[in-house]
Amino acid sequence: MRLTFTAQFTFMKKLISVIALIILFLNAQSQSITGNWEGTLNIQGSELPVVFHIKNDSSNNLTATFDSPKQNAYNLPCSDVIINGDSLLLIMKMVNGKYEGLLSADMKTLTGKWFQGANNLLLDLKKTSDIATAKEFKRPQTPKPPFSYQSEDVLYFNANKSIQFGATFTYPSKTTDKKYPAVILLTGSGQQDRDENIFEHKSFAVIADYLTRQGIAVLRVDDRGKGKTTGDYSKSTSADFALDAEAGINYLKGRSETDTLNLGIIGHSEGGMIAPIIAAKRKDIKFIILLAGPAIPIINLMETQSVDVAAASGVPAKDLELYRPLYKNMVMAIIPEKDAAIATKNATDVFNYWQNKTPASVVKNTAGVTDEKSKVAFIAVFVKQLQQPWFNYFMQFNPEDYLSKVHCAVLALNGEKDIQVAAAPNLANISKILSENNNSNFKTQALPGLNHLFQHCIKCSVDEYGELEETFSPEVLQIMGDWIKGVVKK
């Protein structure tokens, strides 16, 4: 589930989130540009060190990774680069961010700015070594060949051929003409690759490896505009992603290895929101698994998320309780308006009303607002994000509209320490909705000690995702595998 803009602005130390930062590509004609580059973002007096590691790949193309050590985020991959002489324009599409820099004549410094949404920050970089030394992660669960099953990288298209999908299809090694139960994996929000790679945790690769070894075929797919999949992610909504998933299901039905009577969907986070959209209208879906899938109105879920994420980062609970009503009121003031100027005026009125009755210390701790400039920036980000197609659709979504029409088997799992999709209210509502609509073939389970990524966590904050070596809880893998095998036997 994508973090809200509140996770960036409830306190300015988090203004630039770990997913919002971009690595640098530099002039490919100069081999001396490879190495480590370091700088510091100054956010309202708080310093956030950043490090870029630039090297040549096997094809002699420049590649790089980005670190934010203070946030325990390392080896974040790069996006696009446009070079014009000594000027650089570096773009990260998934967060609407970019870096503009000017390279010095001696190739030792970059002078520039980081832009995201309506905000920009100075960011100058100095070269600290000629050899790129990115941090190595320990990810012991990542599957490595040779595999005891078949693994194919495949391409397929949607019905009107407007989008090509890149995917990996894994299935048990065939010694007979046996057909296998099959699932498609649906990623969480934000543009993801087929492995749902987050901080080099390839959770979908881990899930696919385990289930395939259990006799279940698995299709995992790059999101729109990612990897081998085409399409414009920036103009798409969850409804479009549901259509993409249906193209994957249709592809599975065309594979000779697939038992078409036992098709399933496993969705994580937003993917767990999309799975019921599909299952509600297709009769060929035997089961769905919702991994941290939302079941309450998204505006309420995101209000809770904004508070829980800030609390995990150290914002006092008493301050957050005063902040909570602002979040929802701001969203409701902006969503109906297509005109940015009207939306901004409405949001400003809401903010001013809240600010006038709220202690200045709370305004600073939660919204990061200390003056008129920071207030304008805070409101601008709300407006800009809520007017984006995906976010606008998402914030108006009510999962009950689709869960109430799901009559296939359902397994819903949540980590009890999840601060993005809280376990208790969402699992309770799944049970309530399915029961009230005569679906008795479901199971819900909260798993102690697990976070949103289904890792055993310690601090259980968003920042910790990259610190942990575990990619995905082995007991959750077993729960899923055993449950699927039980369902397909019936």
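Predicted model: local features only at pLDDT ≥ 70, side-chain atom pairs only at ≥ 80, totals over all residues.

**Rings and helices**

Phenylalanine 351 and phenylalanine 378 are both buried. For phenylalanine 378 I noted 0% relative accessibility, so it counts as buried.

Next I looked up the geometry of this pair. Two values describe a pair of aromatic rings: the distance of the centres and the angle of the planes. The centres of phenylalanine 351 and phenylalanine 378 are 5.5 Å apart and their planes stand at 55°, so I wrote the pair down as tilted. Phenylalanine 351 belongs to helix H7 and phenylalanine 378 to helix H9 (residues 372-386). The two are 27 residues apart, and the pair links distant parts of the chain.

Then I moved along H9. Phenylalanine 378 also pairs with phenylalanine 382, with 5.1 Å from centre to centre and 55° between the planes, again a tilted pair. Both lie in helix H9, 4 residues apart, which is about one turn of the helix. Phenylalanine 382 has 1% relative accessibility and therefore counts as buried.

Which residues do ring pairs link into a cluster? I listed Tyr323, Tyr327, Phe351, Trp354, Phe378 and Phe382. In the structure I found 18 aromatic pairs.

Last, I checked how H7 packs. Helix H7 (residues 340-356) meets helix H8 (residues 360-367) at an angle of about 130°, with the axes 9 Å apart. H7 and H8 are therefore oblique to each other. Phe351, Trp354 and Gln355 of H7 make the contact with Val363, Thr366 and Ala367 of H8.

Note on methods
Residues numbered from 1 in each chain as written. Heavy atoms only, no water. Axes fitted to C-alpha atoms, helices over the stretch in contact; angles between N-to-C directions. Parallel < 35°, antiparallel > 145°, perpendicular 65-115°, else oblique. Contact = heavy atoms within 4.5 Å. Phe/Tyr/Trp six-rings, centres within 6.5 Å; stacked < 30°, edge-to-face > 60°. Buried < 20%, exposed > 50% of the residue type's maximum accessible area, 1.4 Å probe, protein only.
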